[in-house]
Structures are given as structure tokens and as C-alpha cells.
Amino acid sequence: MFNDELMDDGDYARVNHRTQRIELNPIRPKSQQDESFIHELLHIINCVYNNHNMSEDSIDASGAGLFQILSQWNVEFDFSQIPKLGD
Ligand SMILES: [Zn+2]
């Protein structure tokens with residue numbers, strides 16, 4: 001979901017591990033939202049399936065690689081239907 005608070009913080013995205021909710025900054029360019037979504041998704045996968053064994057650097061590198069491949073295939077996420085925090 002989109003969270004306006006991230007605009008104030010300047011963060012690209014964040015993940016709530018308790019709710020497994022990914023929050024995206026609505027004013028970031030679409031490509032950054034996609035890359036941030038992949039990054040935060042990897043954090044959830046690392047938590048749920050990998051016992052937190054991936055470092056931040058590994059998540060960063062894996063996310064950048066996945067985003068690169070998806071971009072080359074012209075794959076984009078459609079966030080048009082996701083709600084805004086508070087809606
Ligand atoms: Zn991270």
C-alpha cells in the first residue's frame with residue numbers, strides 16, 4: 001500500500017514484518033516503486049522462509065538483479081488497485 005508518511009521521511013519504502021505489509025512512497029518514480037517493492041518483498045521472504053539469513057547487502061544485490069531482469073523484460077507491477085494507508 002502507499003503511505004504518505006514516507007514522503008515526509010524521504011524513504012522509498014518499508015515493510016511491517018508483523019503484518020507483512022509493504023508500504024511504498026507514492027511520490028517516488030514508478031521504477032523506484034517497483035525496485036523498492038522487490039527489495040521489501042525479499043525482506044519478507046527472508047523473514048518467513050530463510051530465517052533472516054540474508055544480509056541487507058544480499059537483499060540489496062538480489063533485489064537490484066531481479067529488478068534489472070524484470071526491467072529488461074518490460075515487466076512492471078500494477079499498483080493502481082492497492083489502497084493508500086488510512087483509506
Ligand atoms: Zn532493506
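Helices (H or I, at least four residues) and strands (E, at least two) are DSSP runs, numbered from the N terminus. By that rule Arg14 sits in strand β1, residues 13-16. The model is predicted: local features need pLDDT of at least 70, side-chain atom pairs count only at pLDDT 80 or more, and totals for chains, interfaces and linings use all residues. Residues are numbered from 1 along each chain as its sequence is written.

**Helices α2 and α3**

- Helix α2 covers residues 30-49 and helix α3 covers residues 56-72; their axes come within 9 Å and cross at roughly 130°. That angle makes α2 oblique to α3.
- Axes here are lines fitted to C-alpha atoms, for helices over the stretch in contact, and angles run from 0 to 180 degrees between N-to-C directions. Angles under 35 degrees count as roughly parallel, over 145 as roughly antiparallel, 65 to 115 as roughly perpendicular and the rest as oblique.
- On the α2 side, the contact is made by Asp34, Glu35, Ile38, His39, Leu42, His43 and Asn46. On the α3 side it involves Ile59, Asp60, Ser62, Gly63, Leu66 and Phe67. Two residues are in contact if their C-beta atoms, placed from the backbone, lie within 7 Å.
- From its first C-alpha to its last, α3 reaches 24 Å with 17 residues, close to the 24 Å expected at 1.5 Å a residue (the expected span is 1.5 Å times one less than the number of residues).

**Positive phi angles**

- His52 lies in the loop between α2 and α3. Although His52 is not a glycine, it has a positive phi of about 60°.
- His52 counts as exposed because it has 10 C-beta neighbours inside 10 Å. A residue is buried if 20 or more other C-beta atoms lie within 10 Å of its own, exposed if 12 or fewer, and partly exposed in between, with C-beta atoms placed from the backbone.
- Asn74, in the segment after α3, is not a glycine either and has a positive phi of about 60°. With 6 other C-beta atoms within 10 Å, Asn74 is exposed.

**Around Arg14**

- Arg14 is partly exposed, with 17 other C-beta atoms within 10 Å.
- Leaving aside neighbours within four places in sequence, Arg14 is in contact with Leu6, Glu23 and Glu40.
- Arg14 and Asn25 are 11 residues apart in sequence, and their C-alpha atoms are 8.7 Å apart in space.
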